[in-house]
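Biologist: I am new to this structure and would like a close look at a single part of it. Please take one residue and follow it out to its surroundings.

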Amino acid sequence: MRSVPWWVLLSSACAPVLLVGGWTISAVLQGPGYDPASATISILAADGAHGYWVMTSALLGLGVCHVVTACGLRPAARAGRLALGGGGVTAMLLALFPAPSSGGSLDHGTVVAVGFCLLALWPVLAVRRGSAPLAPGGAAEPWGLRPGPSLVAAGLMWLGGAWFLLALFLHGTAGAAERVVTFEQSFWPLMVAVSCARGTGGEERPV
């Protein structure tokens, strides 16, 4: 029996599709002057960008997907679900605090930083205390909620964030770094949802 409803699989699968589709279409609309390897995603959603409406819509959709996934991912610990949902809310807030066409923005940077931290912490926070490959009911603990894979996922996200910060100062591959880390963060909820859906048996998890 599935431990997550079908709509959690749908919302978690739509998240990376919306993100990648959004930045791909927006980059095309922005024109050949936009270099995705060095330019950030925020530029695509900045005021005056040609693909502003596409990237903004994608971020709104991404945020909704994370919130929906967090609501239905009952096998995960409450703290992890709250962090995932909070990360989704910050993605939607980016529509209210877009990056300026030039220069920096404290509001935008704060929202981005908070969102990154929440989504980089949620894999570890989602692990239930005392979880093991075999849960108390005799059913296998979903691998996406085991300490090992969760620590690896979170570690890769933090490494990606460090790469992004370094690239910002070096003015080299900030765009590539941001795309890697944001894709990681949008893809991991799907991996967790799939691992939970593949699990069978066991006792019903409390909310």
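Leaving aside its neighbours within four places in sequence, which residues is Glu-178 in contact with?

Modeller: This is a predicted model, and what follows is computed from it. Beyond the neighbours within four places in sequence, Glu-178 touches Thr-40, Ile-41, Ser-42 and Phe-164. Glu-178 itself sits in helix H7, which spans residues 174-198. The side chain is buried, yet Glu-178 has no salt bridge. Its nearest side chain of opposite charge belongs to Arg-179, 5.0 Å away.

Two packed helices are described by the angle between their axes and the distance between the axes. For H7 the partner is helix H3, residues 52-72; the two axes come within 11 Å and cross at roughly 30°. This crossing is left-handed. On the H3 side the contact is made by Leu-62, His-66 and Thr-69, and on the H7 side by Gln-185, Ser-186 and Pro-189. Of these residues, 2 are nonpolar, 4 are polar and none is charged.

As for the whole, the protein has 7 helices and 0 strands. Among contacts with a separation of 6 or more, 72% join residues 24 or more positions apart.

Technical notes
Residues are numbered from 1 along each chain as its sequence is written. This is a predicted model: local features need pLDDT of at least 70, side-chain atom pairs count only at pLDDT 80 or more; totals for chains, interfaces and linings use all residues. Side-chain values use heavy atoms; hydrogens and water are left out. Axes are lines fitted to C-alpha atoms, for helices over the stretch in contact, and angles run from 0 to 180 degrees between N-to-C directions. Helices (H or I, at least four residues) and strands (E, at least two) are DSSP runs, numbered from the N terminus. A crossing is left-handed if the near helix is turned anticlockwise from the far one by less than a right angle, and right-handed if clockwise. Contact means heavy atoms within 4.5 Å. Ala, Val, Leu, Ile, Met, Phe, Trp, Tyr, Cys and Pro count as nonpolar, Asp, Glu, Lys and Arg as charged, and the others, Gly among them, as polar. Buried means under 20% relative accessible area, exposed over 50%, partly exposed in between (1.4 Å probe, protein chains only). Lys and Arg count as positive and Asp and Glu as negative; His and the chain ends are not counted. A salt bridge is a side-chain nitrogen of Lys or Arg within 4 Å of a carboxyl oxygen of Asp or Glu.
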